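Student: Hi! Could you walk me through this one while I have it open?
Tutor: Happy to, ask away.
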Amino acid sequence: MRKFGADGVVTGEYRFLGLYTQAAYTESITRIPVLRQKLNRVLEAAGLPDDSHDGKELIEILEGYPREELFEISAEQLTPIALGVLRLGERKQVRLFLRPDAYGRYMSCLMYLPRDRYNHPGAAARPGGLALRAGTGASVDYSAMVSNSALARLHVVVQGQPGKRMPPVDAATAAELQARVAAAVRSWDEDVLEEAERRLGAGRAARLAELVGAGIPETYKADVRAGSAVTDLARVCELRAEGQPFALHLTIRDGREWRLRVYRSDSSITLSRVLPQLQHMGLEVMDEHPYEFGGAFWVYDFTLRRVSERAAGAGPPARACGEFEAALTALWNEQAEDDGFNALVLDAGLSWRQVVLLRAYARYLRQAGPAVQPGLPASGAARQPADHPAAGAAVRVPLQPGQAGRRGRALPGLAEELRGLLDEVTSLDHDRILRAYLALVEATLRTSYYQVSESGDAAPYLVLKLAPESVGAVPAPRPKFEIFVLLAPAGGGPPALRRGRPGRPALVRTARRLPHRSARAGQGAGSQELRHRAVRREGRLRLQAAARCQRREAFAAEVLGCYRAFIAGLLDVTDNIAGDAVVPPPRVIPPRR
């Protein structure tokens with residue numbers, strides 16, 4: 001209480017120190033004179049009779065008001081707060097009322113929020129922390145009241161720094177703080193639904209909510225933000241609408257943080273299958289988070305790290321991501337083989353079909369003789385200057401349809417430039433393998449690599465028509481022409497199919513890593529015929545051994561499919577005769593005259 005002098009000037013204060021009794025907290029405010037006076041002044045300022053409906057509601061609000069706060073607050077400060085709470089009623093809204101202490105020691109924050117939002121963990125701590133940062137206070141005390149009402153009340157008191165007066169909070173800051181509190185107590189499902197309506201529209205957002213339902217795991221809600229969740233769920237919706245079993249999405253941030261999202265709609269995946277595939281592509285898995293959505297679909301989040309210190313390819317990160325996604329998709333669709341060649345997608349910026357072309361050359365070299373050890377073609381290719389412009393041009397110019405006229409002019413210069421680059425290779429084995437690659441490119445007459453449909457789909461095999469007479473890695477006697485067919489793997493090892501001249505067709509279907517030729521220098525055409533018979537007999541024995549472990553019908557279908565692919569590959573690079581004209585197949589180099 002203030003002490004006034006004879007002239008009416010404040011000369012001091014009377015301060016009464018102590019604690020309120022239990023009756024001060026439990027007694028009705030109508031029976032405590034100080035509080036009854038404040039109640040009457042609030043009813044008078046609001047223009048509400050005490051026996052009216054709104055008057056009784058207002059009295060009920062003040063009866064449940066924090067009692068210590070009710071003793072401290074003035075009637076002028078209490079009136080707008082009480083009317084605001086009265087207007088709020090049972091509406092599930094978030095409201096924040098601030099009252100600074102007259103001496104700047106603390107800030108009183110009265111929050112009303114939907115009861116169901118208060119029940120989830122952190123509902124009290126997050127608004128309190130926001131109030132603490134907004135009021136530049138030192139500590140926070142809070143009390144909560146949860147009743148049968150649709151609203152829960154949270155009273156937060158932000159204590160100021162000792163010896164410092166807390167700065168006042170203007171209306172704009174109070175409105176911003178209320179918006180931040182409303183965002184802090186929102187549920188994850190509400191954030192996702194609002195974000196989905198903003199990005200996808202009300203119709204697609206409703207279908208997305210219907211798809212997910214109550215199957216979202218709590219770990220997913222804790223780990224994934226609403227924006228990323230909408231992206232994930234939208235991709236799953238597209239995946240199921242298209243009837244596809246899986247989808248991939250790779251992101252590269254700052255060139256270091258690699259995140260791979262895998263979406264599955266048919267079944268879950270196991271780490272024992274995925275880890276070797278990613279390692280063959282030059283990536284290490286640092287972390288993995290699986291999320292199962294009620295058995296309807298699965299989302300996997302992989303944190304990856306590059307094994308090589310080289311930049312991802314020669315283009316921007318978006319291109320590297322696209323090539324990686326296409327390569328892993330082809331691998332899971334059994335259009336490509338899982339081996340060390342796949343690292344060239346990121347190390348050299350090649351597409352997965354360009355990697356298949358290099359793998360076909362490697363398969364051919366493996367059959368050239370026992371000197372080519374397993375793993376050398378892949379490791380040698382991984383160290384080649386594939387990002388040099390001459391490396392890609394050396395393959396495209398001689399093989400691409402429409403470039404046949406440039407073959408004689410451009411290829412010698414490109415080959416000479418590449419040989420200069422190969423002089424920098426330090427390993428003798430790698431130098432030998434890379435020069436064999438270059439010799440095979442120069443000896444390639446035709447290929448089915450460019451025979452793709454309008455939608456970009458290619459046949460499940462790759463055909464190379466070669467003139468191996470000029471390839472030193474092929475042991476003598478060398479056939480004048482040879483057609484090599486590489487099938488996409490369908491379990492076991494990839495089939496290697498050959499048709500040479502002279503000699504009869506040979507078909508090898510084996511998972512052995514190093515099927516090589518048995519011919520020696522000086523053998524003639526008759527010996528080569530015997531060699532083809534030996535290869536044919538060896539392959540037949542392997543097929544018979546494999547048949548003991550499989551169903552007869554499935555094995556017969558696989559063998560028939562191999563022969564059909566072999567014959568189809570031969571026809572893809574073979575000329576047709578239309579009348580008196582020789583018509584080459586589409587999208588191959590015409591024969592040299």
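Student: Let's start with helix H14; which strands does helix H14 lie across?
Tutor: Helix H14, residues 317–332, lies across S7, S8 and S9, and its direction is at about 150 degrees to S7. Keep in mind that this is a predicted model.

Student: OK, and what is the order of the strands in that open sheet with S7?
Tutor: The order is S7-S8-S10-S9, four strands with antiparallel pairing. Strand S7 (246–253) and strand S9 (283–293) are the edge strands, each pairing on one side only. From one strand to the next, the twist averages 15 degrees.

Student: How many bridges join S9 to S10?
Tutor: Ten, between S9 and strand S10 (residues 297–306), and the two run antiparallel. To find your place in that pair, look for Glu292, which stands opposite Trp298 in S10. Helix H13 (residues 271–280) also packs on this sheet, where it touches strand S8 (257–264), S9 and S10, and its direction makes about 145 degrees with that of S9.

Student: Switching to the sheet with S3. What's the order there?
Tutor: S3-S4-S6-S5, an open sheet of four strands, paired antiparallel. Strand S3 (95–100) and strand S5 (139–146) are at the edges with a single partner strand each, so one side of each has no neighbour in the sheet. The twist averages 15 degrees from one strand to the next.

Student: And what links S3 to S4?
Tutor: Six bridges join them, and they run antiparallel. Arg95 stands opposite Tyr112 in S4. S3 and S4 make a hairpin with five residues between them, and Gly104 in the turn has a positive phi of about 70 degrees.

Student: What about S5 and S6, how many bridges join those?
Tutor: Eight, with S5 and strand S6 (residues 151–159) running antiparallel. There, Asp141 stands opposite Val157 in S6. Helix H8 (residues 171–184) packs on the sheet as well, touching S3 and S4, at about 135 degrees to the direction of S3.

Student: Which strands does H5 lie across?
Tutor: Helix H5 (residues 75–88) lies across S3, strand S4 (106–114) and S6, and runs at about 170 degrees to S3.

Student: Now the helix pairs. At what angle do H3 and H5 pack?
Tutor: Helix H3 (residues 53–63) packs with H5 at about 110 degrees, their axes 10 Å apart. H3 and H5 are therefore roughly perpendicular to each other. The crossing is right-handed.

Student: Which residues meet there?
Tutor: From H3 you have Asp54, Glu57, Leu58, Ile61 and Leu62, and from H5 they meet Leu78, Ala82, Val85 and Leu86. By class, that contact has seven nonpolar, no polar and two charged residues.

Student: And H2 with H5, how do their axes cross?
Tutor: The axes of helix H2 (residues 33–46) and H5 come within 9 Å and cross at roughly 60 degrees. That makes H2 oblique to H5. This crossing is right-handed. H2 contributes Arg41, Val42, Ala45 and Ala46, while H5 contributes Ala75, Glu76, Leu78, Thr79, Ala82 and Leu83. Those residues divide into seven nonpolar, one polar and two charged.

Student: Last topic: how many salt bridges does the structure hold?
Tutor: It holds 21. One to look up is between the side chains of Glu218 and Lys221, at 3.6 Å from N to O.

Student: How far apart are Glu218 and Lys221 along the helix?
Tutor: They are three residues apart in helix H11 (residues 218–223), so about one helical turn separates Glu218 and Lys221.

Note on methods
Residues numbered from 1 in each chain as written. Predicted model: local features only at pLDDT ≥ 70, side-chain atom pairs only at ≥ 80, totals over all residues. Heavy atoms only, no water. Pairing = 2+ DSSP bridges. Axes fitted to C-alpha atoms, helices over the stretch in contact; angles between N-to-C directions. Contact = heavy atoms within 4.5 Å. Parallel < 35°, antiparallel > 145°, perpendicular 65-115°, else oblique. Left-handed = near helix turned anticlockwise from the far one by under 90°. Nonpolar A, V, L, I, M, F, W, Y, C, P; charged D, E, K, R; others polar. Salt bridge = Lys/Arg side-chain N within 4 Å of Asp/Glu carboxyl O.
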